[in-house]
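Here's a quick tour of a predicted model. Have a look at the sheet first, then at the charged pairs.

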Amino acid sequence: MVLLASALDPAGPAARDIDDLWRLLLWFGSAVMVLVAVLLVVALRRGHRRALAEPDATETGPDDPQGTGVRPWLAGGGVALPAVGVVVVLVATIFAMRATADAAPDDALVVDVTGHQWWWEVEYPDTGVVTANEVHVPAGEPVTLVLRSSDVIHSFWVPELAGKLDALPDHANRLVIEADEPGAYDGACAEFCGLQHANMAITVVAHEPADFEAWLAEQAQPAVEPSSAAAEEGLELVRAADCARCHTVRGTDADGERGPDLTHLASRRRIAGGALRLDADSLTRWLRDPHEVKEGTSMPDPELSDAEVEALVAYLEGLR
């Protein structure tokens with residue numbers, strides 16, 4: 001999984017505040033660096049000329065009448081300028097922190113996001129909707145994410161929408177995100193969390209408000225019935241094999257909670273925590289040997305025959 005999103009391409013209010021602060025630091029720091037470089041060159045040239053003209057000259061002169069060896073402009077530039085710079089950066093940082101920490105309205109959508117090694121569980125309270133590795137939101141509206149972890153420390157980061165915030169095992173953090181326009185915004189875990197840290201992607205999908213409500217209603221429905229004999233066989237395998245111990249498929253007796261909810265698996269963009277695109281070939285590869293795809297994953301080797309894998313893929317592809 002390669003994160004192509006950039007914090008320098010903000011698509012929401014919080015990301016713009018962070019981007020503004022970054023640009024201030026860049027230009028202010030660049031100006032200070034150029035000023036210091038110019039002063040250094042001037043001082044070296046003047047010192048060189050003075051050394052050639054007056055080999056025995058001391059550091060005293062008209063700008064230093066008492067011979068202390070410290071010129072007034074050096075004291076001002078060495079003390080006053082850094083002090084002003086620190087104050088400017090501090091004030092800008094405080095304003096950016098306050099802006100990004102603003103709470104969402106009381107009636108804003110709340111989404112619970114829980115980090116696992118190495119995938120994200122996404123739940124919409126009071127709706128029965130649970131998905132994985134995708135956070136669907138209405139565009140143009142602030143949304144509160146309640147971040148937690150089921151194991152180690154993770155960090156939720158979607159660069160185009162907001163800054164990073166840790167997901168902790170023993171404390172819930174709140175992050176407000178808002179997408180200006182509909183679209184898909186990629187992110188990742190930004191805190192090293194183990195062997196497959198690099199394959200723990202998250203995507204925020206922003207919809208038009210009406211489309212979001214339609215998506216939420218669809219996701220609240222139970223899994224569709226198998227539409228073919230192969231898919232029916234796949235459902236029986238889910239029930240009979242270890243799938244039901246770890247995964248939930250609403251509308252069936254599979255109610256495991258260790259792995260991602262599979263009720264609407266085929267409506268998602270990726271599987272295996274973002275390691276693979278969701279298509280028949282990827283599902284086949286994952287079911288044959290999940291550890292070859294994602295070493296260290298908690299999913300056991302299902303030990304299925306080719307025919308069983310084909311039946312399971314037929315069923316999972318129908319879970320829209």
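## The sheet

There's an open sheet here, built from five strands that run in the order β3-β2-β1-β5-β8, with mixed pairing. At the edges sit β3 (129-132) and β8 (173-177), each of which pairs on one side only. Going from one strand to the next, the twist averages 25 degrees.

Zoom in on β1 (residues 109-116) and β2 (residues 119-124): the two are antiparallel and pair over five bridges. In that pairing, Gly115 stands opposite Trp120 in β2.

The model has eight salt bridges. One of them joins the side chains of Arg16 and Asp180, at 2.5 Å from N to O. Arg16 belongs to helix α1 (residues 13-53) and Asp180 to the loop between β8 and β9 (183-189), so this pair ties together parts 164 residues apart in sequence. Arg16 is partly exposed at 34% relative accessible area, and Asp180 is partly exposed at 30%.

Arg239 makes a salt bridge with Asp253, with the closest N and O atoms 3.6 Å apart. Arg239 is partly exposed (36%), whereas Asp253 is exposed (54%).

Arg250 and Asp261 form another salt bridge, their closest N and O atoms being 3.9 Å apart. Both lie in the loop between α5 and β11, so the pair ties together parts 11 residues apart in sequence. Buried or exposed, then, for Asp261? Asp261 counts as buried, at 9% relative accessibility, and Arg250 is buried too, at 19%.

Shared partners also join Glu236, Arg239 and Asp253 into one salt-bridge network.

Key. Residues are numbered from 1 along each chain as its sequence is written. This is a predicted model: local features need pLDDT of at least 70, side-chain atom pairs count only at pLDDT 80 or more; totals for chains, interfaces and linings use all residues. Side-chain values use heavy atoms; hydrogens and water are left out. Two strands pair if DSSP finds at least two bridges between them. Helices (H or I, at least four residues) and strands (E, at least two) are DSSP runs, numbered from the N terminus. Axes are lines fitted to C-alpha atoms, for helices over the stretch in contact, and angles run from 0 to 180 degrees between N-to-C directions. A salt bridge is a side-chain nitrogen of Lys or Arg within 4 Å of a carboxyl oxygen of Asp or Glu. Buried means under 20% relative accessible area, exposed over 50%, partly exposed in between (1.4 Å probe, protein chains only).
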